[in-house]
Amino acid sequence: DNQMLRTARGLHDLWFTTRAVDPLPVTMTALWLQWHGWDGQPFGYHVVAVLAHILGALLFWRVLLRFTSHPRLAWLAAAIFALHPVGVASAGWISEQKNTLSIVFYLLSIHCYLRFAGGGRRGGYWLALFFYLCALLSKGSVVMLPVVLLLILWWQQGRVARKDFWRLAPFFILSAAASLGTIWVQNHKAIVGEMVQDLTGPARVAAAASAVWFYVWKAL
């Protein structure tokens, strides 16, 4: 029923206005194209979602190959990722293409950046930044990518050099901008002043800690 997905004006508004409930123009553009391609029939959406999930699993495998001398371990981890119910659930829901698309761009960014950091061409850096921007515009929860890259560099090098912070500064700037944008949208478009949970400071800390174990349990 989203009329923005059906007209050229709607496509313009997805990118250049705040009419959309969520600031996810890349995901919404993909759905806009699919609406016009499949004429509202679900089969085409499901094909795209499954193919995106498969591509994400293959990219995960390629990234893991950089971290191990045992290719079979990388293959096993990627297979678990591909078949895990959490990932498969996203591939099964048309409305969750924000997950399947964002992970593709997220992993492409990591892959390009690590190639650059390992002595690759400068173009790999700009590709990594571009793919990260696409990931942010697909789903905001990828904001932690710069921290993940720092942890990977620290793990591989045994330290984080000053140049690493400077190189990742644009990633952190994009992350901060996306975070502030998401907070604004939640306050002005989604929640609109409603109190979801009225928690004290200690209760917020406890809730954050419980979330960690909640996701560990779901993963298992």
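**Entry 1: terms and ground rules.** I took a pocket as an open set of points, on a 1 Å grid over the protein atoms alone, where a 1.4 Å probe fits, with protein on both sides within 12 Å along at least five of seven lines; lining residues have an atom within 4 Å of a point. Grid points are joined across faces, edges and corners, and a volume is the space filled by probe spheres set on the points. The model is predicted, so local features need pLDDT of at least 70 and side-chain atom pairs count only at pLDDT 80 or more, while totals for chains, interfaces and linings use all residues. Residues are numbered from 1 along each chain as its sequence is written, and side-chain values use heavy atoms, with hydrogens and water left out.

**Entry 2: the largest pocket.** I looked up its volume and found about 950 Å³. Its lining has 21 residues, and Phe81, Val86, Gly87, Asn99 and Ile103 lie nearest the centre. Two or more lining residues come from each of α3 (42–65), α4 (71–83), α5 (85–92), α6 (97–117) and α10 (201–219); helices here are DSSP runs (H or I, at least four residues), numbered from the N terminus. Which helix gives the largest share? That is α6, with six residues. By class I noted eleven nonpolar, eight polar and two charged residues in this lining. For the classes, Ala, Val, Leu, Ile, Met, Phe, Trp, Tyr, Cys and Pro count as nonpolar, Asp, Glu, Lys and Arg as charged, and the others, Gly among them, as polar.

**Entry 3: the second largest pocket.** This one holds about 510 Å³ of space. I found 26 residues lining it, with Pro23, Leu24, Gly181, Thr182 and Val185 closest to its centre. At least two lining residues come from each of α1 (8–16), α7 (122–136) and α9 (162–190), and α9 gives the most, with nine. The lining divides into 15 nonpolar, seven polar and four charged residues.

**Entry 4: α3 with α4.** I used axes fitted as lines to C-alpha atoms over the stretch in contact, with angles from 0 to 180 degrees between N-to-C directions. The axes of α3 and α4 come within 8 Å and cross at roughly 155°. The two are therefore roughly antiparallel, a label for angles over 145 degrees, whereas those under 35 degrees count as roughly parallel.

**Entry 5: α3 with α6.** How are these two helices turned, parallel or antiparallel? They pack at about 25° with axes 9 Å apart, and are therefore roughly parallel. The crossing is left-handed. Tyr45, His53 and Phe60 are among the α3 residues in the contact, and Gln97, Thr100 and His111 among those of α6. The contact has twelve nonpolar, five polar and no charged residues.

**Entry 6: α3 with α5.** Here the axes come within 8 Å and cross at roughly 150°, which makes α3 roughly antiparallel to α5. His46, Ala49 and His53 of α3 meet Gly87, Val88, Ala91 and Gly92 of α5. I wrote down three nonpolar, four polar and no charged residues.

Technical notes: Angles under 35 degrees count as roughly parallel, over 145 as roughly antiparallel, 65 to 115 as roughly perpendicular and the rest as oblique. A crossing is left-handed if the near helix is turned anticlockwise from the far one by less than a right angle, and right-handed if clockwise. Contact means heavy atoms within 4.5 Å.
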